[in-house]
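The structure comes first, then the points by topic.

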Amino acid sequence: MGKLPINEYLIEAFKRNKCKQVHQNVYKLAEELIRRCWKEDVFIVFTDGLRTFEDQATIYGKGRSSYVYKGKEYGNPKVKKVSNAKPGTSFHNYGLALDFVTCDGYGKNIDWNVGPRWRRAAAIAKELGFTWGGDWTTFKDYPHIQYDGGLTISQIQAGKMPTFKRVSSINIYNGELSVSQYNELKKLIEEQQKEINKLKAEKADVKGENVATAHKEAWDWAKEQGLFDGSNPAGAFTRQQAATVFQRFYHLK
């Protein structure tokens with residue numbers, strides 16, 4: 001199954017009907033919803049986000065023979081009823097709700113069938129703290145998710161806002177790194193290289209491969225004179241090795 005890279009898919013998911021204009025915390029959680037769905041090959045796009053009161057009047061007027069709001073007729077009996085929320089009574093009006101629909105991995109071929117993928121997306125949304133309209137008993141609204149935090153619409157109208165759940169973003173790698181991901185990876189590599197260098201130095205000390213600064217001049221002279229072959233400068237010095245050095249020094253004189 002083909003699909004867009006996640007960064008491109010996120011653009012496709014939010015490009016409709018003020019979906020990017022919802023509350024900033026709702027937007028962040030909705031982004032996470034898209035990421036988690038995308039990773040499971042469950043593809044959704046948002047069809048509706050922030051609504052003005054006039055937008056809500058249009059929605060409410062659908063399926064009704066007449067509905068007047070602020071002197072304007074919004075009734076539209078030729079279509080199916082889609083909402084019981086009048087202007088000011090929908091979580092959409094406060095940037096706390098989004099509508100979604102399933103599609104293919106490119107954000108196309110919209111599918112309004114409420115099947116397993118749709119229900120899986122709703123389940124992930126609920127894990128992130130959203131309420132799903134498909135769980136309502138009086139008027140099921142399958143595309144609808146809202147972040148109410150347990151508050152009623154009356155409390156929202158009075159100025160209260162929900163406490164937003166903090167969630168950890170899943171890791172998605174699709175061949176490209178963001179600047180923050182690159183910097184984090186670079187830092188990790190540098191730290192690992194320091195550890196490698198430290199281990200190399202410790203290994204060299206054990207093997208006696210390092211020459212202390214205080215003895216380097218004498219060591220270099222001894223190598224030039226043939227007293228030592230230059231290996232194992234920090235190693236142990238046995239009596240038989242001492243005898244060999246003394247003999248070499250004697251012949252050197």
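This is a predicted model: local features need pLDDT of at least 70, side-chain atom pairs count only at pLDDT 80 or more; totals for chains, interfaces and linings use all residues.

The largest pocket holds about 770 Å³ of space.

**Largest pocket**
- Its lining is made up of 30 residues, and Val82, Ser83, Phe139, Asp141 and His144 lie nearest the centre.
- Strand S1, helix H3 (53-61) and strand S6 (144-146) each contribute at least two residues to this lining.
- Sorted by class, the lining of the largest pocket consists of 12 nonpolar, 10 polar and eight charged residues.

**Second largest pocket**
- For the second largest pocket, 22 residues form the lining, with Trp219, Phe228, Asn232, Phe237 and Val245 the closest to the centre.
- At least two lining residues come from each of helix H7 (216-225) and helix H8 (239-252).
- The class breakdown for the second largest pocket is 13 nonpolar, seven polar and two charged residues.

- In soluble globular proteins, nonpolar side chains tend to be buried together.
- The largest nonpolar core here comprises 42 residues, and Tyr9, Phe14, Leu33, Ile34, Phe46, Phe100 and Ile145 have the most contacts inside it.
- Helix H1 (6-13), helix H2 (24-39), strand S1 (44-48), strand S4, helix H4 (116-127) and helix H5 (153-157) each supply at least two residues of this core.
- H2 gives the largest share of this core, eight residues.
- Not counting residues up to four places away in sequence, Leu33 touches Ile44, Phe46, Ala121, Ile124, Ala125, Leu128 and Ile145.
- Another core, of five residues, lies apart from the largest one, and Ala57, Tyr60, Tyr69 and Tyr74 are among its members.

**Asp99**
- Asp99 sits in strand S4 (residues 97-102).
- Asp99 counts as buried because its relative accessible area is 9%, under the 20% cut-off.
- A polar contact of 3.2 Å joins the side chain of Asp99 to the side chain of His92.
- Leaving aside neighbours within four places in sequence, Asp99 is in contact with Val45, Phe46, Thr47, Asp48, Arg51, His92, Pro143 and His144.
- Two of these contacts link Asp99 to residues named above: Phe46, listed for the largest core, and His144, listed for the largest pocket.

Terms used: Residues are numbered from 1 along each chain as its sequence is written. Side-chain values use heavy atoms; hydrogens and water are left out. Helices (H or I, at least four residues) and strands (E, at least two) are DSSP runs, numbered from the N terminus. Buried means under 20% relative accessible area, exposed over 50%, partly exposed in between (1.4 Å probe, protein chains only). A polar contact is a pair of N or O atoms within 3.5 Å; within protein, one must be able to donate a hydrogen and the other to accept it, and residues adjacent in sequence count only if both atoms are side-chain atoms. Contact means heavy atoms within 4.5 Å. A nonpolar core is a set of buried Ala, Val, Leu, Ile, Met, Phe, Trp, Tyr and Cys residues joined through side-chain atoms within 4.5 Å. On a 1 Å grid over the protein atoms alone, a cavity is a set of points where a 1.4 Å probe fits but cannot get out, and a pocket is an open set with protein on both sides within 12 Å along at least five of seven lines; lining residues have an atom within 4 Å of a point. Grid points are joined across faces, edges and corners, and a volume is the space filled by probe spheres set on the points. Ala, Val, Leu, Ile, Met, Phe, Trp, Tyr, Cys and Pro count as nonpolar, Asp, Glu, Lys and Arg as charged, and the others, Gly among them, as polar.
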